[in-house]
Amino acid sequence: MSAEYLFYWSMAATGLGLVLIGLWGVLTRKHILRIALAFTLADTGVNLILVWSGFLPNRAAPIIDSSVTTVVDPLPQALVLTSIVIGVAVAALFVVVGVLASRKSGSADIRHMKELRW
Amino acid sequence: MIRTIVGLAIVLVLAAILITVVDDYTVPSALSGVGELYTQTGVEDTGSVNLVTAVVVAYRGLDTLGEVVVLFSASTAVVLILTLIPIGANPTPPSSIVAFTAGILPGAIILFGIYIITHGHLSPGGGFPGGAVVASAFLLVMLGSNTIPDKSKFLSSIESLAGLTFGLLGFWGMFTLGQFLNNLVIPAGSPGRIISAGIIPLISLAIGAKVASELSGIFSSYRKAGGEE
């Protein structure tokens, strides 16, 4: 396996790993800010997989030049560019709501937040 | 304990599904569909050598306008929640390292951010990453000072002005060329020059100003709320 393909598959593995770690954290952690952190980890993993889906080994970045003719797919990169910014905004909102909920219940532990029960 | 077991089971099942999917995946050898079209005609259509910027600002400019609206509503919600319910009053004083760094670095960081914003059609970058870089300089200034300046009016007027510019540039294309956000209302020029690619640099500037002011607004309301009671 050449270095390019090693990079290619490790990118996919890192993305999948981040999504799974993030899901694990959201399901099992009890501190609200750690849940927010796990959520952003999963978000990063999804972004990495999206970029990977448009990536082709042995091709250049999509900036056209006289010396560059074969490039990777620009569309997933454009999608992820917007997705990262939205991720930051959602994480900021998540943290604020988490801080508010922990002030209301007196603890950052989600077991003490009665409003979350159903 | 039950939470751990159930969580582990769900994660393992999902991992098994994902590994099966990836195992079936064959590495594509060529671009297909719209991606190939963008790489073949992108520079001709938009005048931007950076195809990612061409897709974000020109081809899918309407989606970017929608995304800016999403960012706006999220930052408004953050500022609203933190203003309605003040949590702390006095900011914690910065350490001497942070205070010293905040006196030196912000100018260089802002310059770098402006470079990223204005060269979005030539090299990796554009309004979103450049705006985030500029906002990080403001964050450093805020962390390094003992007082919290109230610049919310200034920030929101910059934000509104940038959003209005984006919309008006879109309508300019609609009334002259019959297409909302058509970027060739200014001639594309020769690709690769700093003044080229139609209205892409102008929209990048608007997006950069908007992202920078929105993120700075979020940071400053965090800073206001994050002090000791």
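## A:Leu37 and its helix

A:Leu37 sits in helix α2 of chain A, which spans residues 32–53; helices here are DSSP runs of H or I with at least four residues, strands are E runs of at least two, and both are numbered from the N terminus. With a relative accessibility of 57%, A:Leu37 counts as exposed. The scale is simple: buried means under 20% relative accessible area, exposed means over 50%, and partly exposed lies in between, with a 1.4 Å probe and protein chains only. In sequence, A:Leu37 and A:Val85 are separated by 48 residues, and their C-alpha atoms are 16 Å apart in space.

## How to read the model

This is a predicted model, in which local features need pLDDT of at least 70 and side-chain atom pairs count only at pLDDT 80 or more, while totals for chains, interfaces and linings use all residues. Residues are numbered from 1 along each chain as its sequence is written, chains are lettered from A and ligands numbered from 1 in the order in which they are written, and side-chain values use heavy atoms, leaving out hydrogens and water.

## Chain A as a whole

Chain A has three helices and zero strands, giving the pattern α-α-α along the sequence. Its radius of gyration is 19 Å, whereas a compact globule of 118 residues would have one near 13 Å; the radius is taken over C-alpha atoms, and the globule rule is 2.2 Å times the number of residues to the power 0.38. Along the principal axes, the C-alpha atoms of chain A fill a box of roughly 60 × 30 × 20 Å.

Of the 118 residues in chain A, 38% are buried. The chain exposes about 6,400 Å², with carbon and sulfur atoms supplying 68% of that area; accessible areas come from the Shrake-Rupley method with a 1.4 Å probe, and for residues only the protein chains shown count as cover. Among contacts (heavy atoms within 4.5 Å) between residues at least 6 apart in sequence, 55% join residues at least 24 apart.

## A:Ser102 in helix α3

Next comes a buried position. A:Ser102 belongs to helix α3 of chain A, residues 74–105, and counts as buried because its relative accessibility is 16%. Its side chain reaches the backbone oxygen of A:Val99 at 2.8 Å. Setting aside neighbours within four places in sequence, A:Ser102 is in contact with A:Ser107, A:Ala108 and A:Met113.

Side chains of opposite charge can pair when their charged atoms come close. Over all chains the structure holds two salt bridges, each defined by a side-chain nitrogen of Lys or Arg within 4 Å of a carboxyl oxygen of Asp or Glu. One of them joins B:Arg60 and B:Asp63 at 2.9 Å, N to O. B:Arg60 is partly exposed at 38% relative accessible area, and B:Asp63 is partly exposed at 43%.

Another links B:Glu214 with B:Lys210, whose closest N and O atoms are 3.4 Å apart. These two residues are separated by about one helical turn because they are four residues apart in helix α9 (residues 200–225) of chain B. Both B:Glu214 and B:Lys210 are buried.

## A nonpolar patch on chain B

B:Leu164, B:Leu168, B:Phe171, B:Met174 and B:Phe175 make a nonpolar surface patch of about 540 Å². Patches are made of residues with over 30% relative accessible area and no salt bridge; like charges are joined within 9 Å, and nonpolar side chains (Val, Leu, Ile, Met, Phe, Trp, Tyr) within 5 Å. One of the patch members, B:Leu168, lies in helix α8 of chain B, residues 152–177, and counts as exposed at 53% relative accessibility.

Terms used: A polar contact is a pair of N or O atoms within 3.5 Å; within protein, one must be able to donate a hydrogen and the other to accept it, and residues adjacent in sequence count only if both atoms are side-chain atoms.
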